[in-house]
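Hi,

Here is the structure I promised to pass on.

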Amino acid sequence: MNYKNTADFAIELDSKDELRSYRNEFYIPLQKNGEEHIYMCGNSLGLQPKRTKQFLNQELDDWATFGVEGHFHAKNPWLPYHEFLAESYAKIVGAKSTEVVAMNTLTVNLHLMMVSFYRPTQKRHKIIIEGDAFPSDIYAVESQIKHHGFLPENSLIKLRPRVGESAIRTEDIAEIIQSEGGEIALIMLGGVNYYTGQVFDFEIITKLAHNKGITVGFDLAHAAGNVKLELHKWEVDFAVWCSYKYLNSGPGSVAGAFIHEKHHKANLPRFAGWWGHNKEERFKMPDKFNPIASAEGWQLSNPPILSLAAIRASLSIFDEVGIDKLVLKSKKLTDYLVFLLNSIESDRIEIITPKERGCQLSIRVKNGDKKLFDSITVKGVIADWREPDVIRIAPIPLYNSFQDVFKFYTILEEEL
Ligand SMILES: *Cc1c(COP(=O)(O)O)cnc(C)c1O
C-alpha cells in the first residue's frame, strides 16, 4: 500500500477501517488536559473493555444473592466457570477446547508445565531459551535446572543474534538443534520475544526439535491475542500465556495454559491439586488423585471467578471480531508506523524489530538516551522503556487508530 505522511491520510485510513467502532468498547485513559492519551502500551497492560464491569457485576450480584449456592445457582455457575472460557481461549491459541485451561498466573503455569515436561537425565538435560528472554522466564528455567541438580552454566543455552543483528535466525536455532540435540531436553521460547518483538517460527522450530526428541514449549505472553497461532496443528507440547497484555483482562488477571492432547493420557508427572481431579468424584473427596484427561487435569485450585469474569468479557470481543481480522488490521497499523518512522531523518533511532512481528515495534535509542522517552511521555504518549535502550510501541488493532499512530509519529519527530 502507498502510505502518506499526512494527518488527512490517517483520517482516511480510519474511516475505511472495519474495526474502528471497537475503540468505543474500551476506556482510553485521559491526560490532565482532558484529551485521550496516545496509548501504545497494550503489550504491557491492555485497556479495560467497557463491558468488563457488567461481567464482574453479574458475579458480585450472584455472590450477594446466593452465597455459596452460587457455585450451582449463579447465572453462570462457578463450579464449571472456567469451562466457559475454554472455547474462546482455544481460538486465541489455535487449539482444541480440551487442550486449554484458564488457571493461575503465567510464571506459575510455566513452572507447572516444566514439572511435567522438563524431565532431565544425565545425558539430556539442556534447555534452550532466548538470551534476552523476559527475566521471569530465565529465573523459572534456571530454578528448574537447579531443582533437578544441574547447573545453569552447563544446562542453559541462551540464543543470541549474530553480531550486528537484533533478531535470532531460525537457521542458527536449527544449527544448535542439529549439533547438540541429543543433550537438549526442552526448548522454551517466548513465542514473540518481549524485547525485540520478534515472532519465532513456531512450526519449523517444533518440527526440528521433535525430530531430535526434544520437547517444545512457548511462553505466549506477547503472542496470545497478537498473532495467529496454531498450537494444535504445529504439535507444540505446551504453552502458557497471561491475559492482561493483549487479552485486556486486567492487571494480574488469571493466565492460560495449553497442553497438546497427545499428552493428556500419558500419565506425566505433575504437581496435583483437587481442581485437576476427575469432576464426577471430586466432591467425594477421595484420597487418590485421578486427573481429568484434558488440560483441566493440571489445575490446582478452584479459580478466582472475578478474574475469570474479566477474561470472559474480553474474550467475547475477540470472539466477535475473530483473530484473522485483528491480525489484518494489526499489520496495516504497524506497517503504517514503520513507514512513518522510516520517513524521519535522524540517526538517533533505529527499529530493531524484524519483519516477522506482531504489532509491537521496538525502537532502539542511540546511547540509551531515556530523555527521548521521557519527553514523548510528557506529550501524552504512553509507551514503555526497556533497559538498556529500547522504547516499545504497540498499536493495538482493537482500540488504536491510524490517527494514534500518526500522532505518535509527529510527537516523536518533534522531540527528535
Ligand atoms: C509479561 C511476561 C511475564 C509475566 O509473568 P507473570 O507471571 O504474569 O507476572 C512472564 N514472561 C513473559 C515473557 C512476559 O512477557
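This is a predicted model: local features need pLDDT of at least 70, side-chain atom pairs count only at pLDDT 80 or more; totals for chains, interfaces and linings use all residues.

Ligand first. Its surroundings are Leu106, Thr107, Phe134, Asp137, Asp219, Ala221, His222, Tyr244 and Lys245. Sorted by class, that shell comes to four nonpolar, two polar and three charged residues. Asp137 puts a polar side-chain atom 2.7 Å from a ligand nitrogen. On the oxygen side, a side-chain N or O atom of Tyr244 sits 2.6 Å from an oxygen atom of the ligand, and for Lys245 the corresponding distance to a ligand oxygen is 2.5 Å. The ligand taken alone exposes 390 Å², and the protein buries 83% of that.

Now the salt bridges, of which there are 32. Lys228 pairs with Asp324 at 3.3 Å, N to O. That one links distant parts of the chain, 96 residues apart: Lys228 is in the loop between strand E6 and helix H10, while Asp324 belongs to helix H12. Helix H12 also carries Asp335, whose partner Arg357 lies in the loop between strands E9 and E10, 22 residues apart; their N to O distance is 2.6 Å. Asp335 counts as partly exposed because its relative accessibility is 33%, and Arg357 is partly exposed too, at 22%. There is also a network joined through shared partners, made up of Arg162, Glu165, Arg169, Glu171 and Asp172. Within that group, the closest N and O atoms of Glu171 and Arg169 are 3.7 Å apart.

Last, the surface: Leu60, Trp63 and Leu306 make a nonpolar patch of about 310 Å². Leu60 is in helix H2 and is partly exposed, with 37% relative accessibility.

Cheers

Definitions and conventions: Residues are numbered from 1 along each chain as its sequence is written. Side-chain values use heavy atoms; hydrogens and water are left out. Patches are made of residues with over 30% relative accessible area and no salt bridge: like charges are joined within 9 Å, nonpolar side chains (Val, Leu, Ile, Met, Phe, Trp, Tyr) within 5 Å. Accessible areas come from the Shrake-Rupley method with a 1.4 Å probe; for residues, only the protein chains shown count as cover. A salt bridge is a side-chain nitrogen of Lys or Arg within 4 Å of a carboxyl oxygen of Asp or Glu. Helices (H or I, at least four residues) and strands (E, at least two) are DSSP runs, numbered from the N terminus. Buried means under 20% relative accessible area, exposed over 50%, partly exposed in between (1.4 Å probe, protein chains only). A residue is near a molecule or strand if one of its heavy atoms lies within 4 Å of it. A polar contact is a pair of N or O atoms within 3.5 Å; within protein, one must be able to donate a hydrogen and the other to accept it, and residues adjacent in sequence count only if both atoms are side-chain atoms. Ala, Val, Leu, Ile, Met, Phe, Trp, Tyr, Cys and Pro count as nonpolar, Asp, Glu, Lys and Arg as charged, and the others, Gly among them, as polar.
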